[in-house]
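Please keep the sequence and the coordinates at hand while reading.

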Amino acid sequence: MSTAQSNAVKVIALSAASIALLSACGEPKATPMDDEYAGNSGESVQSQEEKSKTDGKAADNTAGGDATTKNHADDANSTTSSKQDTGNYADGDYSINGQYGPVGEDTIDVHLTVKDQNVTAVEIVGHPFTSISKKHQNDFAKAVPDAVVGKPLKDLKVDKLAGASWTSEAFNKALEVARQEASIQ
């Protein structure tokens, strides 16, 4: 076998091995087309959860004068509530944690103030898993007050804001929980 043939065999073998290795690198879950970024902020999911738990708690100012905490950021399953949405909401401040992403690695804390059935204030505290998530969360946090403050809580929903589709979905889930928690039973 000549040197040229030997080199050709080596190139073919190396190419075949590379293709075989690379073909196993695909992820089984599709990523949305508009999620063009990837990266890692270096923050672990555990540190995000701990940070979420230490952020401020909000008080519910009900007519009875009791100040009870409505902070779902302490609850790992905070995108659910055992209450039903009655469509009639108590005035107060509500905090809900929303998770999103392929495996729920990104979270946002949604702080809402409700008065006379309307959202009077909103604040988003992001806990991104990646630097790109941080950008999306920051852009979303800046855009969301204009989209929700002054609007009725009933049936409130946002579409993709500031290019942040997953953050918008997490916010909408948090709104569902807020409606359930604020509902006068």
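Which residues are buried in α3? They are I132, S133, H136, Q137, F140, V144 and V148, where buried means under 20% relative accessible area, exposed over 50%, and partly exposed in between (1.4 Å probe, protein chains only).

## Basis of the model

The model is predicted, so that local features need pLDDT of at least 70 and side-chain atom pairs count only at pLDDT 80 or more, while totals for chains, interfaces and linings use all residues. Residues are numbered from 1 along each chain as its sequence is written, and side-chain values use heavy atoms, with hydrogens and water left out.

## Overall architecture

The protein has 4 helices and 5 strands, which follow one another from the N terminus in the order α-α-β-β-β-β-β-α-α; these elements are DSSP runs (H or I of at least four residues for helices, E of at least two for strands), numbered from the N terminus. Of the 185 residues, 34% are buried. The protein exposes about 10,700 Å², of which carbon and sulfur atoms supply 53%, with areas taken from the Shrake-Rupley method and a 1.4 Å probe.

Contact here means heavy atoms within 4.5 Å. Among contacts between residues at least 6 apart in sequence, 58% join residues at least 24 apart.

## Helix α3 and its cover

Helix α3 spans residues 131–148 and reaches 26 Å from its first C-alpha to its last, close to the 26 Å expected for its 18 residues at 1.5 Å a residue; the expected span is 1.5 Å times one less than the number of residues. A kink of about 30 degrees lies at K142, shortly before the proline P145, the bend being the angle between axes fitted to the seven residues ending at a position and the seven starting there. After the helix comes G150, whose phi is positive, near 90 degrees.

The cover over the buried residues of α3 includes β3 (92–100), β4 (106–115), β5 (118–127) and α4 (165–182). Leaving aside neighbours within four places in sequence, F140 is in contact with I124, V158, L161, A162, A164, T167, S168 and F171.

Helix α4 is itself mostly covered, with 13 of its 18 residues buried.

## Salt bridges

Counting a side-chain nitrogen of Lys or Arg within 4 Å of a carboxyl oxygen of Asp or Glu as a salt bridge, the total comes to 4. One of them joins E181 and K83 (3.9 Å, N to O); because E181 lies in helix α4 and K83 in the loop between β2 (67–69) and β3, this pair ties together parts that are 98 residues apart in sequence. E181 is buried, with a relative accessible area of 11%, whereas K83 is partly exposed at 30%.

R179 forms a salt bridge with D85, with the closest N and O atoms 3.7 Å apart. R179 is in helix α4 and D85 in the loop between β2 and β3, so this pair ties together parts 94 residues apart in sequence. Within α3, K135 forms a salt bridge with D139 at 2.8 Å between the closest N and O atoms, and the two residues, 4 apart in the helix, are separated by about one helical turn.
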